[in-house]
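Reader: I am new to protein models. Please take me through this one step by step.

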Amino acid sequence: LGSFVTGQIGHRVGPKLRWWLLLTSVTQSLLIFVSSILLYTSAVSTEDRSNLGLVVLLAFTFGSQAAAGRPLGVAPITTVVVTSAMVDLWADKKLFAPLADNTGRNQRIAFILTFFVGGLVGGFALARVNTAFVLLLAGIFKMVAVIPFLIANGKRADALRQEVVKPIEEANLAAAAAPKPSETVQEPLDAPVRVGKLPAEV
């Protein structure tokens with residue numbers, strides 16, 4: 001459901017727009033904070049069926065995160081599943097290439113290390129405190145991830161239009177102005193050859 005809602009709305013408003021990325025990231029963080037608050041206030045419990053509400057909130061969050069991250073075009077990072085990144089890393093043809101020659105490998109390594117460090121931090125927090133505190137940390141880290149969207153240098157809308165939209169519009173206009181096959185007049189193959197009059201003798 002999270003992937004469906006975020007993906008479909010993103011296609012219509014522009015999945016790479018700064019405000020959309022900010023909105024989705026902040027919304028996901030708020031859902032994690034709500035889950036933490038529900039546990040802190042004992043409104044739900046991990047020991048009975050009331051935890052279904054937590055499952056719904058967190059599942060929506062992770063689905064939304066995957067759908068929002070996919071259009072950014074960072075293929076080596078799935079943001080949700082780490083096993084596919086691990087398989088791609090070990091099977092990489094340029095696994096042992098110099099650092100500057102394989103950006104995809106570097107991104108996969110950073111993603112995998114961050115994933116496992118987050119798991120270790122979450123496991124330690126769970127053992128020392130509780131689940132609500134783990135969710136609180138997750139929400140804070142998620143909000144920190146919003147900062148790059150605030151400081152990144154994005155392309156202006158008019159520059160993007162000149163670079164992407166305008167060429168498409170010009171191509172569409174050229175295609176519309178081109179004669180259609182049905183409008184082209186063709187003479188039958190058995191039509192007589194037209195020969196002009198020979199010049200009169202002087």
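Author: Start with a definition. Ala, Val, Leu, Ile, Met, Phe, Trp, Tyr, Cys and Pro count as nonpolar, Asp, Glu, Lys and Arg as charged, and the others, Gly among them, as polar. This is a predicted model, where local features need pLDDT of at least 70, side-chain atom pairs count only at pLDDT 80 or more, and totals for chains, interfaces and linings use all residues. Residues are numbered from 1 along each chain as its sequence is written, and side-chain values use heavy atoms, without hydrogens and water.

Reader: How do the residues of the lining of the largest pocket divide?

Author: On a 1 Å grid over the protein atoms alone, a pocket is an open set of points where a 1.4 Å probe fits, with protein on both sides within 12 Å along at least five of seven lines; lining residues have an atom within 4 Å of a point. The lining divides into 25 nonpolar, 13 polar and two charged residues.

Reader: Which helix gives the most to that lining?

Author: Helices are DSSP runs (H or I, at least four residues), numbered from the N terminus. Several supply at least two lining residues each, including α2 (18-40) and α3 (52-69). The most, 11 residues, come from α5.

Reader: Why are α4 and α5 called oblique to each other?

Author: Axes are lines fitted to C-alpha atoms over the stretch in contact (heavy atoms within 4.5 Å), and angles run from 0 to 180 degrees between N-to-C directions. Angles under 35 degrees count as roughly parallel, over 145 as roughly antiparallel, 65 to 115 as roughly perpendicular and the rest as oblique. Helix α4 (residues 83-90) and α5 pack with their axes 10 Å apart, at an angle of about 140°. Therefore α4 and α5 are oblique.
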